[in-house]
Amino acid sequence: MKILGIESSCDETAAAVVENGRCVKSNIIASSLEEQKLYGGVVPEIASRRHAESISAVVSEALSQAECSINDIGAIAVTFAPGLIGSLLVGVNFAKGLAVSAKKPLVPVHHLRSHIAANYLSSSIEPPFLCLVVSGGHSHIAAVNGYTDYKVIGKTRDDAAGEALDKAGRAMGLPYPGGISIDKISPSGNPNAFDFPHPKVDGAPYDFSFSGLKTAIINTVHNSQQKGTEIRTADLAASFQKSVVFCLISNLEKAALDFGYNKIVLAGGVSANSLLRSESEKMCKRHGWDLQLPLLKYCGDNAAMVAAQGYYEYLAGTRAGSNLNAYATMPIDIVKF
């Protein structure tokens, strides 16, 4: 069964065709990243306009590259939550119109569920497993007990890990996206040059808090500027990245031990971070756990992961009508549409 996936939750306009939830036939992405770099971050109005301009051509190219027509598609899967509301609405409305005109089932897909499903494109892994979902807007530890059965064990109380990395990069004067720039420069720095805090949330051992860590690096940069002292950027980047990864890995390890999971999965844009991947491998090797990392090309936002999750949602009976709406926020374990 071929699923056409459509993704427009942030600044990537994407469409893909995936067969039986695992085999990628096409995966097309049009990004406004270079334009967004001019503003140091994603401007929602620009993102939604670029989606509107690109989505028809992107979907056509996905079908063409997969060597099929809309008639060969079994269902249309679309990201409907969470994300930038203006961006989401472009994808949702296009998918609704296409589903009605082509008389195809419409399958709404949660963005974080699709990030987890990116691992189905990279391996034969099946639930149950414990997943760390880390991106610019989300940081979750989720128990994936089935393809459509999720339970949140821990999550951030404030900033997401990716958001903290991006803002830290901006404070250091690194190019946007800051998280990627930090990852690139960190290997040449000393990760022990700065002692950043390792925040914990009282009474919630699996939850994260990155706002204090973000504030710490901003204050470090500002204090240096006021005193006229020079900071080696690579050292600062390496120290900050080490602190973020330590918080993520320590909570993930505790959750896996406490809940008895021996299969660990990473997902989301920050799962491409080289230090996070290497520390995850070390952790799993210590305990003899299985580790699954998504291929780098599926870490960021893409439509192949939407089509993959859409396949399993379709099998579970998930359907939407022409009244489907988009939502800026929605829990991964309680999906309503």
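**Figure 1. Five strands form an open sheet with mixed pairing.** The strand order is E3-E2-E1-E4-E5. Strands are DSSP runs of E of at least two residues, and helices are runs of H or I of at least four, numbered from the N terminus. Two strands pair if DSSP finds at least two bridges between them. E3 (23-31) and E5 (106-110) stand at the edges with a single partner strand each, so one side of each has no neighbour in the sheet. On average, neighbouring strands are turned by 20 degrees against each other, direction ignored. The model is predicted: local features need pLDDT of at least 70, side-chain atom pairs count only at pLDDT 80 or more, and totals for chains, interfaces and linings use all residues. Residues are numbered from 1 along each chain as its sequence is written, and side-chain values use heavy atoms, without hydrogens and water.

**Figure 2. E2 and E3 pair in the antiparallel sense.** Eight bridges join E3 to E2 (residues 12-19). Glu-19 has Cys-23 in E3 as its bridge partner. Helix H2 (residues 44-65) packs on the sheet and touches E1 (2-7), E2 and E3. The direction of H2 makes about 20 degrees with that of E2. Angles run from 0 to 180 degrees between N-to-C directions, with axes fitted to C-alpha atoms, for helices over the stretch in contact.

**Figure 3. Ser-8 lies in the loop between E1 and E2.** Beyond neighbours within four places in sequence, Ser-8 is in contact (heavy atoms within 4.5 Å) with residues including His-51, Leu-88 and Val-90.
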